[in-house]
Amino acid sequence: MVKRNNLDQDKLVREDFGIRIKEELTLVDARYHDSGREANVHPHVGQWNMIDKKMVNGGTVQFWTCLNFSYKLRNVETATTICNELVNMCVSKGMQFSANSLLPIRSANPSQIEEALIGVHDQSMARLASMGQNGKQLQLLIIILPDQSGSYGKVKGIYLVGGRNNVLSDAIQRRIPLVSDLPTIIFGADVTHPQPGEYSGPSIAAVVASVDWPEITKYSGLVSAQHHREEIIQDLYRTTVDPQRGVIYRGMIR
């Protein structure tokens, strides 16, 4: 722009303001700053900010892709930009995140969600097999939801990539009463409902449990679809009686 507008030869710039403008960019000495300077944070009303912080044990995402169902973002470049920003953010927080997707980022018809998801699964498995990665699977599927409501329950899922975002200082130092004294499992359960105005989509129940005592920070989870806006987890714990096998324990907690 400087060269095209010939600003250095402009009479107003040179004579009236006494400014010389070079066409070359200015070189500035830079200093490196580690982006994970703060090791501890004190949550406020159950919230904390990840600015200037890194995960304790960043997870690894090697195989991922993106599926876009939004008509407003049909441009593949827009979806690619969103994914690139997500990748960069994860890397800055201490994760190991492959910059290249396993499958090309693509758009799909929002009226064929199930077919598109099955297609991504089949193509990713075939791609991994061709790479000699038998037994591996797609770790993360980024989904840009359709513009219309009604698709939330069809695409919601949990993807585990390992690692830990943070740990409790008191847990590491064994200072949590009762929990730090004996091997303990912490359970959590919740039900997420469709957005207002969606009258037929299922509610999604989830149960998590800690797996890394004494830190009690890493959790495994299970999800289950249930009746629309049903608040009680229907598949939490149940038993059936089989004439041959006797009592069979089923449900999310066994």
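Guide: What follows concerns one loop, and then the chain around it. The model is a predicted one. The loop in question runs between strand 7 (203-210) and strand 8 (219-226), and Pro214 has its place there. The peptide bond that joins Trp213 and Pro214 is cis, with an omega of about 10°. Ile216 is found in the loop between strand 7 and strand 8 as well. Although Ile216 is not a glycine, its phi is positive, at about 45°. Most residues other than glycine have a negative phi, and most peptide bonds are trans. Ile216 counts as buried because its relative accessibility is 9%, and the cut-off for that class is under 20%.

Leu178 is not a glycine either, and has a positive phi of about 70°. The residue lies in the loop between helix 6 (169-172) and strand 6 (187-192). With a relative accessibility of 68%, Leu178 counts as exposed.

Further along, strand 10 (residues 246-250) contains Tyr249. Tyr249 is partly exposed, at 48% relative accessibility. Together with Tyr237, Val241 and Val247, Tyr249 makes a nonpolar surface patch of about 460 Å².

Where contacts join residues at least 6 apart in sequence, 60% of them are between residues at least 24 apart. The chain exposes about 17,900 Å², and carbon and sulfur atoms supply 53% of that area.

Methods:
Residues are numbered from 1 along each chain as its sequence is written. This is a predicted model: local features need pLDDT of at least 70, side-chain atom pairs count only at pLDDT 80 or more; totals for chains, interfaces and linings use all residues. Side-chain values use heavy atoms; hydrogens and water are left out. Contact means heavy atoms within 4.5 Å. Accessible areas come from the Shrake-Rupley method with a 1.4 Å probe; for residues, only the protein chains shown count as cover. Patches are made of residues with over 30% relative accessible area and no salt bridge: like charges are joined within 9 Å, nonpolar side chains (Val, Leu, Ile, Met, Phe, Trp, Tyr) within 5 Å. A salt bridge is a side-chain nitrogen of Lys or Arg within 4 Å of a carboxyl oxygen of Asp or Glu. Helices (H or I, at least four residues) and strands (E, at least two) are DSSP runs, numbered from the N terminus. Buried means under 20% relative accessible area, exposed over 50%, partly exposed in between (1.4 Å probe, protein chains only).
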